[in-house]
Amino acid sequence: MKCVTCRGPAVIDIRRQNANYCVDHFFEQCRRQVTKAIDEWKMIEPSDRVLVAVSGGKDSLAIWDLLIELGYQADGFYVGLGIGEYSEVSHSHAAAFAESRGLTLLTVDIPTSYGYDIPTGSRAARRAPCSACGLSKRHLFDAAALEGGYDVLVTGHNLDDEAAVLFGNTLHWHTEYLGRQLPVLPARDGFPKKVKPLVRLTERETAAYCLLKGIDYLVDECPMAVGNRHLSYKEALNDIEVKSPGAKHSFYFGFLDRASKHFAPEADEDREGLEPCLTCGAPTPSGTCAFCRLVDRAGGHQPEPVPVELGAIRTRTTS
Amino acid sequence: MKVILRNPRRELDISGPRTVINLLASLDLNREAHLVMRDGELIPGDAALDDTDVIEVRPVISGGDR
């Protein structure tokens, strides 16, 4: 395979574009797609102070690197989830990335600051682990961005993430969620501006970007996420993508172009009538917010060890 | 060739020659959900693999409630 731009040896094929790229032109392609998303959706102004939600995985490290390359002023924010060795290793990847580039990484450790970890706390609060994790991270990301005076909060959601969420919301006709599934959510009372500059890249491309850039990211999947619905939606969409390259792009961007606006009124209704949480002041429909209720129910439980096999290797032979 | 897989980590011995695309198909792995490396270097779908290669197949799918 030859690079579509320079005809040199290609290192990656991107079937939805019917194109192959060498290393340099793949980097150029990634920068071009991120720039296009930022410009098209007015995500970030050159003078903005940017906070990137960083997990130590490929997507968040790739977007942090790309934003710095594109000249933005971006700090990182890491949330320690207390998921045993997985969290320790993920933090070490985020911290090493920041240190190697002289960047600022802010950190909040949930067990230390709030008295629970995701495995034990989610069980105590009778929530699915991914639900408790997502709720905790969203609350802490918002708080960190607002308290730190950042203009915009960046997350590493990529095309696969957005297509999978859209797939799930459509399967179950969660119309209030469909109305706010946008690459940009503007700032409003109690919420920072949130943007997703990776929506034009797949996670295969963000992983390739990290590999080719020498960014050491956490490859292992979160032990709490194994078998969840979001992953099964991604698998289903990739099965379609193999037979019909470009299907994920056309599904998601077709939705944004042609369908999203029809669900906006319901999303607007959902956003109205929020009031400050009685405990922390974050916006909530009434009384105490979901995060404070989670802290109240999950805090103080004795942590349980999480089985994580980050290093074990098994061997078998196939002809 | 030695093929290293992740999540969970394991090693397979697979006969060559074959291409990257053929290797993934023989392992029943989706091309859109994996990258393939030889000696730590990313290689494209038409790259030819032989018995002496050490190959890593890296999954790229991740995520919980995002």
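## Thr170 in chain A

Thr170(A) has its place in helix α7 (residues 159-171) of chain A, where helices (H or I, at least four residues) and strands (E, at least two) are DSSP runs numbered from the N terminus. With 16 C-beta neighbours inside 10 Å, Thr170(A) counts as partly exposed; a residue is called buried if 20 or more other C-beta atoms lie within 10 Å of its own, exposed if 12 or fewer, and partly exposed in between, with the C-beta atoms placed from the backbone. The C-alpha atom of Thr170(A) is separated by 31 Å from that of Val295(A), and the two residues are 125 residues apart along the chain.

This is a predicted model, in which local features need pLDDT of at least 70 and side-chain atom pairs count only at pLDDT 80 or more, while totals for chains, interfaces and linings use all residues. Residues are numbered from 1 along each chain as its sequence is written, and chains are lettered from A and ligands numbered from 1 in the order in which they are written.

## Helix α12 and its buried face

Val295(A) is also one of the buried residues of helix α12 (residues 290-298) of chain A, together with Phe291(A), Leu294(A) and Ala298(A). Seen down the axis of α12(A), these buried residues fall within an arc of 100°, so they line one face of the helix; the arc is that of the directions from the helix axis to the C-beta atoms.

After α12(A) comes Gly300(A), which has a positive phi, near 85°.

## The sheet of chain A

In chain A, six strands form an open sheet in the order β5-β4-β3-β6-β8-β7, and the pairing is mixed; two strands pair if DSSP finds at least two bridges between them. Strands of a sheet pair through backbone hydrogen bonds, either parallel or antiparallel. The edge strands are β5 (105-109) and β7 (184-185) of chain A, each of which pairs on one side only. β7(A) pairs with strand β8 (residues 194-195) of chain A in the antiparallel sense, over two bridges, and Val195(A) in β8(A) is the bridge partner of Val184(A).

Helix α2 (residues 58-69) of chain A lies across β3 (49-54), β4 (73-80) and β6 (152-154) of chain A and runs at about 160° to β3(A), with axes taken as lines fitted to C-alpha atoms, for helices over the stretch in contact, and angles running from 0 to 180 degrees between N-to-C directions. α6(A) packs on the sheet as well, touching β3, β4, β5 and β6 of chain A, and its direction makes about 140° with that of β4(A).

## The nonpolar core

The largest nonpolar core has 91 residues, and those with the most contacts inside it are Val50(A), Leu51(A), Val52(A) and Val154(A); such a core is a set of buried Ala, Val, Leu, Ile, Met, Phe, Trp, Tyr and Cys residues joined through C-beta atoms within 7 Å. If its neighbours within four places in sequence are left aside, Val50(A) is in contact with residues including Ile44(A), Leu67(A), Tyr72(A), Tyr150(A) and Val154(A).

## Positive phi in two loops of chain A

Asn18(A) lies in the loop between β1 and β2 (19-21) of chain A, and its phi is near 50°, a positive value in a residue other than glycine. Asn18(A) is exposed, with 10 other C-beta atoms within 10 Å.

Lys42(A), in the loop between α1 (23-40) and β3 of chain A, likewise has a positive phi, of about 50°, although it is not a glycine. Lys42(A) is exposed, with 11 other C-beta atoms within 10 Å.

In chain B, strand β1 (residues 2-5) pairs with strand β2 (residues 10-13) in the antiparallel sense over four bridges, and with strand β7 (residues 54-59) in the parallel sense over four bridges. Leu5(B) has Arg10(B) as its bridge partner in β2(B) and Val57(B) as its bridge partner in β7(B). β1(B) and β2(B) form a hairpin with four residues between them, and Asn7(B) in the turn has a positive phi of about 55°.

Pro17(B) is found in the loop between β2 and β3 (18-19) of chain B, and the peptide bond from Gly16(B) to Pro17(B) is cis, with omega near -5°.

Conventions: Two residues are in contact if their C-beta atoms, placed from the backbone, lie within 7 Å.
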